Amino acid sequence: MPVYRSVVCPFCGCLCDDLEVTVEDNRIIKVRNGCAISTSKLLHHHENRVERPLIDGKPATLEEAVEEAAEILGSARRPLIYGLSSTECGAIAKAIELAELIGGVVDNTASVCHGPTILALQTLGESKCTLGTVRNRADLIIYWGCNPLEAHLRHLTRYSAMARGLYTSGGRKDRYVVAVDVRETRMKRVADLFVKVKPGGDYELLSALRAVVRGYSLDIDEVSGVPRDVIIELAERMKKSRFGAIFFGLGLTQSEGRHMNIEAAIGLVADLNHHTKFVLIPMRGHYNVAGANTVTTWQTGYPYAVDFSRGYPRYNPGEYTAVDLLSRGEADAALIIASDPMAHLPYKAARRLAEIPTIVLDPKRSMTSIISRVVIPTAAAGIEAEGTAYRMDGIPIRLKKLLEPPEGVLPDVEVLSLIIEEVMR
Amino acid sequence: MEITVTLITGRTAEQGVGKEIGKPSERYQRNVNYILLNPRDAERIGVEEGEAVEVSTLHGSTRVWCKLSEDVEVGVAFIPLGPWANRLFDPETHGTGIPSVKGVEAEIRRAEGEPPTLEELLRELKG
């Protein structure tokens, strides 16, 4: 019974690489060290599979499905290629090659999660480090608008609050932990200080912290529902820490202010670096969304929302991003790779996707695959196919192949190569 | 009777576990087809845990099951990301690519009838 060690989990941006997976008869029967979501993904990966290629809901051969996909994409005026955050880097590179070939738009799911983070980082730069450095050195950790207990389940124990490192051998007791959120999540029980901010009030609170760090006094009693004393104490604690880290999530990027919130956070971290060492790390969601941004940048110069309609890459979030392109009714065909936008985009955008011919590459049945014109099953990266993924801190990690995919089922990268060949024919 | 709340969306561990079993699975649907209300807010509109509520914003409405928790304060409600929540949000991104899905004002009242099933949502999407 083969036991694979140091398996990399293909679920979230933590890319934990210490799983032990036991395989019997090409089936995963046991997972050690995985979180609840990781274990669910690995143990249930064979359930709800797309069993064969489909065209209009009817079984087709892979050749027929690829031919139909190439026909749809080749004849579309404004094709959109979207998803890409839950597949490996080779497939992302191929998807961009295809976008260039058909003069389409290629976007990844960063556009609806940390897109605003990227906009802010492009403007102001970033102070960052690896998760290993946080584990070894950080004595102050702030979680702002994120809840690792629900979305990055092993982050606290492997990389941050509870982790034991070189200069933090006491683990949790060697660190001061702060959580900032609009509601009292379970992080309140983990944190030494829980700061409840009014919804939409993050920008003001970050700006008030900046003011205090810069030596200004606050002449009001509270900012965004947070008392002045709490703000002053937190600012002082930040300045006095040896090594501080802010992890932040969609509580900042998806609420009022969006990229301006991140700019305020970057400004705060920049100010703090006049006093001590401070870093800012986004909690990236899908396991390779950081890779989707990285590979898209290598190949086009831009991280997401890239349009090839003029034959060269142009970048404009708000125009070439999936939600905008779909809700304006502009996209007239779509290729979705390893993503389920029908379940996650606002209704108007999802509705457009249901109207136009859509092709989906996915190992599993999803809302998108149930509605799409062409469905092509693929091998799950990190389970049935190798590849590289980027952790939330930008570290590339090699994914392992643990199982053989079902007969005739190819990895995303190979299906995309077949579509490219067919379009060029 | 209806109440106005600030709606927060997000992911949950249970949604993640269900999603990885598969979107058609009962466990996924159970873990995204609900709204978390403070018990005092639920009392004001006369609903109990496990009953259906109608949630409306300027951009759409949906019916989901009601769950009660002190983790959300009075005037705030939490709804997990997914096909039920998505009907409530404005696709306008203000030039950023990202729609507003946190901190949106919503009205909540007791619902007539049960929430739609995933199949019904799909049928409606197809038009």
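Modeller: Let's start with a definition: two strands pair if DSSP finds at least two bridges between them. One caution too: what you see above is a predicted model.

Colleague: Okay! Which order do the 5 strands of the open sheet in chain A take, and is the pairing parallel or antiparallel?

Modeller: The order is β10-β9-β8-β13-β14 in chain A, and the pairing is parallel. At the edges stand β10 (193-196) and β14 (277-282) of chain A, each of which pairs on one side only. On average, neighbouring strands in this sheet are turned by 15° against each other, ignoring direction.

Colleague: How many bridges join β8 to β13 in chain A?

Modeller: There are 5 bridges between β8 (residues 140-144) and β13 (residues 243-248) of chain A, and the two strands run parallel. If you want a pair to look for, A:W144 has A:F248 in β13(A) as its bridge partner.

Colleague: Which strands of that sheet does α12(A) touch?

Modeller: Helix α12(A) packs on the sheet and touches β13 and β14 of chain A. The direction of α12(A) makes about 160° with that of β14(A).

Colleague: And what is the angle between α9 and α12 of chain A?

Modeller: About 15°: helix α9 (residues 202-213) and helix α12 (residues 259-272) of chain A pack with their axes 9 Å apart. Angles under 35 degrees count as roughly parallel, so that is what α9(A) and α12(A) are to each other. Their crossing is left-handed.

Colleague: Which residues meet there?

Modeller: From α9(A), the residues include A:Y203, A:L206 and A:L209, while α12(A) brings residues including A:A264, A:L268 and A:L272. By class, this contact has 9 nonpolar, 3 polar and 3 charged residues.

Colleague: Changing topic: what is the strand order in the open sheet of 9 strands?

Modeller: In chain A the order is β5-β4-β19-β18-β17-β6-β7-β15-β16, and the pairing is mixed. The edges are β5 (58-59) and β16 (314-315) of chain A; each has a single partner strand, so one side of each is left without a neighbour in the sheet.

Colleague: Can you show me one pair in it? In which sense do β6 and β7 of chain A pair?

Modeller: Strands β6 (residues 79-83) and β7 (residues 105-108) of chain A pair in the parallel sense, over 4 bridges. Look for A:Y82, which stands opposite A:D107 in β7(A). Helix α2 (residues 62-75) of chain A packs on this sheet, touching strands that include β6 and β19 (374-376) of chain A. The direction of α2(A) makes about 130° with that of β19(A).

Colleague: At what angle do α2(A) and α18(A) cross?

Modeller: Roughly 60°, and the axes of α2(A) and helix α18 (residues 412-424) of chain A come within 9 Å. That makes α2(A) and α18(A) oblique to each other. The crossing of these two helices, α2(A) and α18(A), is right-handed. Among the residues that meet are A:V66 and A:L73 in α2(A), and A:L418 and A:V423 in α18(A). The contact of α2(A) with α18(A) has 7 nonpolar, 1 polar and 2 charged residues.

Colleague: Zooming out, how is chain A divided into domains?

Modeller: Domain 1 takes in 51-113 + 287-380 + 407-424, and domain 2 covers 115-282. The C-alpha centres of the two domains of chain A lie 35 Å apart. In the contact, 8 residues of domain 1 meet 5 residues of domain 2. On the domain 1 side, those residues divide into 6 nonpolar, 2 polar and no charged.

Colleague: Last one, on chain B: what joins β3(B) to β4(B)?

Modeller: A hairpin does, through 2 residues. Strands β3 (residues 52-57) and β4 (residues 60-68) of chain B run antiparallel and share 6 bridges, and B:T57 stands opposite B:G60 in β4(B). Strand β3(B) also pairs with β6 (residues 102-110) of chain B, in the antiparallel sense over 4 bridges. There, B:V53 stands opposite B:R110 in β6(B).

Conventions
Residues are numbered from 1 along each chain as its sequence is written. Chains are lettered from A and ligands numbered from 1 in the order in which they are written. This is a predicted model: local features need pLDDT of at least 70, side-chain atom pairs count only at pLDDT 80 or more; totals for chains, interfaces and linings use all residues. Domain bounds come from an automatic or database domain assignment. Two residues are in contact if their C-beta atoms, placed from the backbone, lie within 7 Å. Ala, Val, Leu, Ile, Met, Phe, Trp, Tyr, Cys and Pro count as nonpolar, Asp, Glu, Lys and Arg as charged, and the others, Gly among them, as polar. Axes are lines fitted to C-alpha atoms, for helices over the stretch in contact, and angles run from 0 to 180 degrees between N-to-C directions. Angles under 35 degrees count as roughly parallel, over 145 as roughly antiparallel, 65 to 115 as roughly perpendicular and the rest as oblique. A crossing is left-handed if the near helix is turned anticlockwise from the far one by less than a right angle, and right-handed if clockwise.
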